[in-house]
Amino acid sequence: MAVVPHSLDLALTVCFYMFASAGMSIFNKLVLVHISLPLTIVTIQMAFTVASLLLKPSQLRYGSMADVRRWAFTVPPLFVGMLASSMLAMNYASLGTIVVFRNVAPIPTMLIETMFHIPFVISWETIASLAVIIAGVTLYEAHE
């Protein structure tokens with residue numbers, strides 16, 4: 001197998017993520033236009049995911065049962081909340097508005113990291129990037 005340079009690997013990974021994320025958002029919005037049941041759609045998607053994983057249980061890897069319990073009581077409820085709120089937002093707002101507001105996510109994330117004393121580097125580039133994001137969201141919403 002050929003070795004892919006790190007920068008190309010990174011670029012391909014980012015492109016794949018962008019297309020997969022955009023595709024999921026577009027198809028979810030299309031489904032919501034025809035079937036206005038956002039929580040039912042999320043339930044069906046999650047059930048399909050669990051069923052797919054259970055087809056090959058031997059391929060699932062995990063640490064101790066304590067790790068599994070800790071993960072099971074935190075990650076799935078938070079993920080369900082994220083998916084459900086995203087789908088509810090898609091039901092009431094345009095896809096463009098949702099994408100623009102997702103770009104503001106670094107700001108509350110930085111506040112939460114500060115509350116939990118998680119170190120992060122603040123530089124003038126970070127502040128300038130956040131200012132551009134805020135300006136873009138403001139500009140978009142002023143004309144939406």
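Analyst: A pocket is an open set of points, on a 1 Å grid over the protein atoms alone, with protein on both sides within 12 Å along at least five of seven lines, and lining residues have an atom within 4 Å of a point. Grid points are joined across faces, edges and corners, and a volume is the space filled by probe spheres set on the points. The largest pocket has a volume of about 1100 Å³. Of the 31 residues in its lining, Met 46, Thr 49, Phe 79, Met 82 and Leu 83 are the closest to the centre. This is a predicted model, in which local features need pLDDT of at least 70, side-chain atom pairs count only at pLDDT 80 or more, and totals for chains, interfaces and linings use all residues. Residues are numbered from 1 along each chain as its sequence is written, and side-chain values use heavy atoms, with hydrogens and water left out.

User: Which helix gives the most to the lining of the largest pocket?

Analyst: Helices are DSSP runs (H or I, at least four residues), numbered from the N terminus. Helix α4 gives the most, with 11 residues; α1 (6-34), α2 (38-54), α3 (65-72), α4 (75-92) and α5 (95-102) each supply at least two.

User: What makes Asp 67 and Arg 70 a salt bridge?

Analyst: The term requires a side-chain nitrogen of Lys or Arg within 4 Å of a carboxyl oxygen of Asp or Glu. The closest N and O atoms of Asp 67 and Arg 70 are 2.8 Å apart, so the pair meets the 4 Å rule. By this rule the count comes to one salt bridge. Both residues lie in helix α3, three residues apart, about one turn of the helix.

User: Why is Arg 70 called exposed, and why is Asp 67 called partly exposed?

Analyst: Buried means under 20% relative accessible area, exposed over 50%, and partly exposed in between (1.4 Å probe, protein chains only). Arg 70 has a relative accessible area of 56%, and is therefore exposed. Asp 67 is at 33%, and therefore counts as partly exposed.

User: How do you know that Met 18 is partly exposed, and which residues make the nonpolar surface patch?

Analyst: Met 18, in helix α1, has a relative accessible area of 49%, and so is partly exposed. Leu 10, Val 14, Tyr 17 and Met 18 make the nonpolar patch of about 430 Å². Patches are made of residues with over 30% relative accessible area and no salt bridge, nonpolar side chains (Val, Leu, Ile, Met, Phe, Trp, Tyr) being joined within 5 Å.

Definitions and conventions:
On a 1 Å grid over the protein atoms alone, a cavity is a set of points where a 1.4 Å probe fits but cannot get out, and a pocket is an open set with protein on both sides within 12 Å along at least five of seven lines; lining residues have an atom within 4 Å of a point. Patches are made of residues with over 30% relative accessible area and no salt bridge: like charges are joined within 9 Å, nonpolar side chains (Val, Leu, Ile, Met, Phe, Trp, Tyr) within 5 Å. Accessible areas come from the Shrake-Rupley method with a 1.4 Å probe; for residues, only the protein chains shown count as cover.
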